[in-house]
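Subject: The structure we talked about

Hi there,

Here is the structure, with the sequence alongside. Please open both, and then read on for what turned up.

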Amino acid sequence: MTAFDASLLPASATLDAAGRVAIAGVDLASLAERFGTPLYVYDEADIRARCRAYRSAFGDGVAYASKAFLCVAMARLVHEEGLHLDVASGGELYVARAAGFPPDRIVFHGNNKSTAELRGALEAGVGRVAVDSADELERLETLVEAGLPAPRVHIRVTPGVEAHTHEYIETGNEDSKFGFGLDSGEALAAVRRVVGRGVLRFAGVHCHIGSQVFRLDSFERAVDKMVGLVRTIEVEVGSPVEELNLGGGLGVRYLSQDTAPTIEQYAIAVHEAVGKALADAGVRSRPQLLTEPGRSIVAPAGITLYTIGTIKAIAGVRTYVAVDGGMSDNLRPVTYDARYEAFLPARATSDRTTLVTIAGKHCEQGDIVVRDTPLPSDLAVGEVLATPVTGAYGHSLASNYNKVTRPAVVFVRDGAARVVVRRETDADLVRLDADA
Ligand code: LLP
């Protein structure tokens, strides 16, 4: 029997004598009753604590990567906690602005920003643009020459570092659609151009080696290469480098057996690596270290609640437990073969003696939420089932596949729950249909 591992839940989690799980003083199963399922539940204090951990380790150098989970309430929370915001499209910028996020604290990313997106960003007064390509540099310069305010720019660099994560989310290799190659000299050429033309304000260099990265030595190798670039810029371009942005990517524990570095361990490792590399390289610049975490701020704070709709036991093969969501609310298993755990929030301590596979309700065999996970043998239709550590890239990758409506998002805090994103209705499914 595998016991339920409460360490995958936010620190506020409590378990009563009957095995009922509460988060921030709010009983999870009763949230399912009150708001329906599937439901994304976030422990607000847990998100805030992670923002604070980053802030205390990196000062004013933290931008939350909004792609991990964004809504108006989240953007406001991030601002209240003193973080900058990374947006990677005009749409993310729109939501940030709808939340009243100060534009000068927004970093604009994306490998293919359109002229319209760039114009919108400059008109809004976005503080920093991470420039990804030569075409983008040209577009930006043209916009500024036409009278728009010049942003601070970071040159996005692919440092040629292996991140040891899923290949779909590995982004620092030379063979990448992102950024300017370091080894090829393209990154240096881009910096030279920005500084030489003097149209944009050169602020620094950026790299992001990948996501769900467990190995601190991958970040350390990226630091070495980036500091090498800082030195080359100083010597060959004659420009100081004010900011060194190391992107995001810190991995989180999804399973009991995972071990992930803490935010503090990550911060110590990269600070030490930067200090050492700067000293070794004899660099004069003391660039401010910036970081852009997404997953490690929101993933552990989120739990998804489902209702079991049917159970199919195939003798000698496996038992499928089907829930009322699936790949439309968590695309990660089907995309990255991502693994999760599951528990019953109304009786988390019941014997977990049977291995089952939790399936979604979509028309694909690959629509699996959790493969081979231990749950009680007397599992019943109608019970609420929860998957922990689902706060990142769940809601943001959600779809209406099979015209399933997307779940609501609830924040819990101090014994109270509030809806921050409403559940879609059937009417939303035809809202954009011209002939409806
Ligand atoms: N900065 C940049 C430039 C990025 O591209 C990303 C993530 C981040 C920061 C934040 O990375 P994080 O701290 O969240 O690892 N959908 C995938 C993850 C894609 C990550 C894309 N970029 C997943 O569900 O695993």
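First, a term: a residue is called buried when its relative accessible area is under 20%, exposed when it is over 50%, and partly exposed in between, using a 1.4 Å probe and the protein chains only. This is a predicted model, in which local features need pLDDT of at least 70 and side-chain atom pairs count only at pLDDT 80 or more, while totals for chains, interfaces and linings use all residues. Numbering starts from 1 along each chain as its sequence is written, and side-chain values use heavy atoms, leaving out hydrogens and water.

Is G210 buried or exposed? G210 counts as buried because its relative accessibility is 0%. You will find G210 in the loop between β11 (201–206) and α8 (216–237); helices (H or I, at least four residues) and strands (E, at least two) are DSSP runs, numbered from the N terminus. H164 is 46 residues from G210 in sequence, yet their C-alpha atoms are 8.4 Å apart in space.

Next, the strands. Two strands pair if DSSP finds at least two bridges between them. Strand β8 (residues 128–131) runs parallel to β7 (residues 106–108), joined by two bridges, and V107 stands opposite R128. Between β7 and β8 the chain passes through helix α5 (residues 115–124) in a right-handed β-α-β crossover, meaning that, with the strands pointing away from the viewer, the path from the first strand over the helix to the second runs clockwise. β8 also runs parallel to β9 (residues 152–158), over four bridges, with R128 opposite R152.

Strand β18 (residues 384–388) has five of its five residues buried. V384, A386 and P388 point one way, L385 and T387 the other. β18 pairs with β14 (residues 302–314) in the antiparallel sense over five bridges, and P388 is the bridge partner of I303.

Finally, the ligand. Of the 20 residues around the ligand (a heavy atom within 4 Å), S211, E292, R332, Y336 and Y393 come nearest. Polar contacts (N or O pairs within 3.5 Å) include one from a polar side-chain atom of R332, 2.6 Å from a ligand oxygen. A side-chain N or O atom of Y336 lies 2.8 Å from a ligand nitrogen. The protein covers 92% of the 580 Å² of accessible area that the ligand has on its own, by the Shrake-Rupley method with a 1.4 Å probe.

Best wishes

Terms used
Polar contact = N/O pair within 3.5 Å; in protein donor to acceptor, adjacent residues only side chain to side chain.
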